[in-house]
Amino acid sequence: PAPRSRRAHTPRLPRPSAMAAPQRRVFAFVFPMASGHLNPSLPVARFLVAQGHEVHYLCREQMREGIEDTGAVFHSDVEVQRELYEGRQPDFVGATASLKREFGIEGDSLTDTIAKLRMVQREMLLPGTIRWLTGLGAHAVL
């Protein structure tokens with residue numbers, strides 16, 4: 001009998017037409033109004049949108065144009081995070097000033113105010129953010 005070939009077996013890959021399309025995912029980006037935080041994420045969002053994924057941002061109105069330019073969906077943090085902003089000035093500095101009055105610490109320095117109110121503000125941001133993420137059905141949060 002003829003000797004067998006010792007050629008290594010190469011697995012067959014499915015043809016591209018036979019491969020399943022990638023599953024569409026929902027990505028949620030949550031950023032403060034700080035361009036240094038947000039700007040590096042924009043090329044990532046643009047790539048994800050181009051791949052057919054859904055991308056949502058929770059951010060300040062001032063960032064809307066840059067976000068929507070990627071194909072992502074903009075959501076206003078003032079509207080979503082009602083527990084912090086409702087009945088207060090609709091910006092973080094204004095909301096902080098309102099909280100200073102509510103907590104009776106108007107005379108405190110900025111450093112003391114931040115130390116005293118940081119966790120209070122975070123607790124007020126969480127319910128709206130969680131509602132938003134749950135409503136989106138986000139697969140990943142960045």
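This passage walks through the fold of a predicted model, from the overall layout to the sheet and then the helices.

Some ground rules come first. The model is predicted, so local features need pLDDT of at least 70 and side-chain atom pairs count only at pLDDT 80 or more, while totals for chains, interfaces and linings use all residues. Residues are numbered from 1 along each chain as its sequence is written, and side-chain values use heavy atoms, with hydrogens and water left out.

The chain's secondary structure comes to seven helices and four strands. Here helices (H or I, at least four residues) and strands (E, at least two) are DSSP runs, numbered from the N terminus. Followed along the sequence, the pattern reads β-α-α-β-α-β-α-α-α-α-β. Of the 142 residues, 32% count as buried; buried means under 20% relative accessible area, exposed over 50%, and partly exposed in between, with a 1.4 Å probe and protein chains only. Among contacts (heavy atoms within 4.5 Å) between residues at least 6 apart in sequence, 53% join residues at least 24 apart.

Now for the sheet. Four strands make up an open sheet in the order β3-β2-β1-β4, and the pairing is parallel. Two strands pair if DSSP finds at least two bridges between them. β3 (73-76) and β4 (140-141) stand at the edges with a single partner strand each, so one side of each has no neighbour in the sheet. Strand β1 (residues 26-30) is joined to strand β2 (residues 54-59) by five bridges, and F29 stands opposite Y57 in β2. On to β2 and β3: these strands pair in the parallel sense over four bridges, and C59 has S76 in β3 as its bridge partner. Getting from β2 to β3, the chain passes through helix α3 (residues 64-69), in a β-α-β crossover that is right-handed. That label applies if, with the strands pointing away from the viewer, the path from the first strand over the helix to the second runs clockwise.

Strand β2 is mostly covered, with five of its six residues buried. Helix α2 (residues 42-50) lies across β1 and β2, running at about 150 degrees to β2. Helix α7, in turn, lies across β1, β2, β3 and β4, at about 160 degrees to β1. For these values, axes are lines fitted to C-alpha atoms, for helices over the stretch in contact, and angles run from 0 to 180 degrees between N-to-C directions.

Helix α6 (residues 92-102) has G94, A95, T96, S98, L99 and K100 as its buried residues. They pack against α5 (82-85) and α7 (110-136). The angle between α6 and α7 is about 110 degrees, and their axes are 11 Å apart. The two helices are therefore roughly perpendicular to each other, a term that covers 65 to 115 degrees, with angles under 35 counted as roughly parallel, over 145 as roughly antiparallel and the rest as oblique. On the α6 side, F92, T96, L99 and K100 meet T113, L117, Q121, R122 and M124 in α7. Just after α6, G104 takes a positive phi of about 65 degrees.

One more residue in α7 is worth a look: G128. At 1% relative accessibility, G128 counts as buried. Leaving aside residues up to four places away in sequence, G128 touches V80, Q81 and E83. The C-alpha atoms of G128 and Q81 are separated by 4.4 Å, although these residues are 47 apart along the chain.
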